[in-house]
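This report is prepared for a reader who wishes to relate sequence to fold. Please consult the sequence and the coordinates alongside the text.

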Amino acid sequence: MELAAAAALGKFIGAGLACIGMGGSAMGVGNVAGNFLAGALRNPSAAAGQTATLFIGIAFAEALGIFSFLVALLLMFAV
Amino acid sequence: MATAEHSDGLAFHPMDQFIVKPLFGGETLNWYTPSNATLWMAVVILAVIALFVLGTRGRAIVPSRIQSVAELAYGFVHKMVEDVAGKDALKFFPYIFTLFCFIVFSNFVGLLPKAFTTTSHIAVTALMAVAVFLTVTIVGFVKNGAGFLSLFWVSSAPLALRPILALIEIISYFVRPVSHSIRLAGNMMAGHAVIKVFAAFAPLILISGIGVAVTPLSILAIVAMYALEILVAFIQAYVFTILTCVYLKDALHPHH
């Protein structure tokens, strides 16, 4: 019984720790968007053609945050 | 997912909305059982048909409102495929447009109250991502033969680095279907779960004094999150489609 309680405790702590990964993803997305804006303000005429690249970059940065969310979900429901 | 243990926490569990249930009672789920997932997928497909078949039936020179929406969607994806993947990728346009329509409609239909978001299940998105992965790999080998492998051999890098880069490229190539599917499913699941978490705080006003402060904040948060989710629903469909185009470009033109 104590073992089960310890396992449940570990699950919750692990799920909470997994959420730290969101911070890294947030920095990544902010970095992409901020650099895009800095570049777009220097050369606004070239900005419109690069929005697709912007979204691809954001998607790649965001995927790793989603992975940490997935780890949290797996710990809560699958382990 | 466990159903018995969460009676002590929130009033309803934020993940309960993702459980696939048979529509007409019963407990067992077979592949032929009509469930809420199949119901909402059917709704999505009917909505796509309603827009693109019934909406454009008039074929007016001056389009009606619904016809111009259909034309805008068609032109949007057509331009995306042409810009990102190149002109010779346009023969894959029907496939990509089908993917885009299904994803964008199921994301938006899933935002209706009480609806089931089919794209929040990794089973659904993984099927689409693996289909894209297989298509792209087969097209790459058919078009370029063994030359497709030059995708992994970065010829612009110094020779000593190339084997290491090749290893990294191969790993990232095989992670593609994983990240491609989990990005969409994770975004949809997380957004809907957040809305439900705030919704669970809303009825606090009925049961405790602190609710006077919490409930209005919670309702505001639901509205804000819902607005964000409308944005995310579109952006994730866009991202899934544009990544398909990027992978297709790699398959058609593998040389760096």
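## Basis of the model

This is a predicted model, in which local features need pLDDT of at least 70 and side-chain atom pairs count only at pLDDT 80 or more, while totals for chains, interfaces and linings use all residues. Residues are numbered from 1 along each chain as its sequence is written, and chains are lettered from A and ligands numbered from 1 in the order in which they are written.

## Chain A and its annotations

An unreviewed UniProt entry lists residues 12-34 and 54-78 of chain A under "transmembrane region". UniProt positions follow the numbering used here, feature names are shortened, and annotations may be inferred rather than shown by experiment. In the model, residues 12-34 of chain A are 96% helix and 0% strand, with the end C-alpha atoms 34 Å apart. Residues 54-78 of chain A are 100% helix and 0% strand, and their end C-alpha atoms are likewise 34 Å apart. Helices (H or I, at least four residues) and strands (E, at least two) are DSSP runs, numbered from the N terminus.

The unreviewed entry also carries the annotation "domain: V-ATPase proteolipid subunit C-like", covering residues 13-75 of chain A. That span is 92% helix and 0% strand, and its end C-alpha atoms lie 9 Å apart.

## Contact between the chains

Chain A contributes 11 residues to the contact and chain B contributes 15 residues. On the side of chain A that touches chain B there are 10 nonpolar, no polar and 1 charged residues. Two residues are in contact if their C-beta atoms, placed from the backbone, lie within 7 Å. Ala, Val, Leu, Ile, Met, Phe, Trp, Tyr, Cys and Pro count as nonpolar, Asp, Glu, Lys and Arg as charged, and the others, Gly among them, as polar.

## Overall fold of chain B

Chain B has 7 helices and 0 strands, in the sequence pattern α-α-α-α-α-α-α. Along the principal axes, its C-alpha atoms fill a box of roughly 70 × 55 × 40 Å. Of the 256 residues in chain B, 26% are buried (20 or more other C-beta atoms within 10 Å of the residue's own; exposed is 12 or fewer, partly exposed in between, with C-beta atoms placed from the backbone). Among contacts in chain B with a separation of 6 or more, 64% join residues 24 or more positions apart.

## Packing on helix α3 of chain B

Helix α2 (residues 65-85) and helix α3 (residues 93-109) of chain B have axes that come within 10 Å and cross at roughly 125°. Axes are lines fitted to C-alpha atoms, for helices over the stretch in contact, and angles run from 0 to 180 degrees between N-to-C directions. α2(B) is therefore oblique to α3(B) (angles under 35 degrees are roughly parallel, over 145 roughly antiparallel, 65 to 115 roughly perpendicular and the rest oblique). The contact joins B:V77, B:H78 and B:V81 of α2(B) to B:F93, B:I96, B:F97 and B:F100 of α3(B); by class it has 6 nonpolar, 1 polar and no charged residues.

Helix α1 (residues 36-54) of chain B also packs with α3(B), at an angle of about 120° and with the axes 9 Å apart, so α1(B) is oblique to α3(B). Here the α1(B) residues are B:W40, B:V43, B:V44, B:A47 and B:V48, and those of α3(B) are B:C101, B:F102, B:F105, B:S106 and B:V109. This contact has 9 nonpolar, 1 polar and no charged residues.

## A loop residue

B:P203 is found in the loop between α5 (162-201) and α6 (204-207) of chain B. B:P203 is partly exposed because 15 other C-beta atoms lie within 10 Å. B:P203 and B:T215 are 12 residues apart in sequence and 6.8 Å apart in space, C-alpha to C-alpha.
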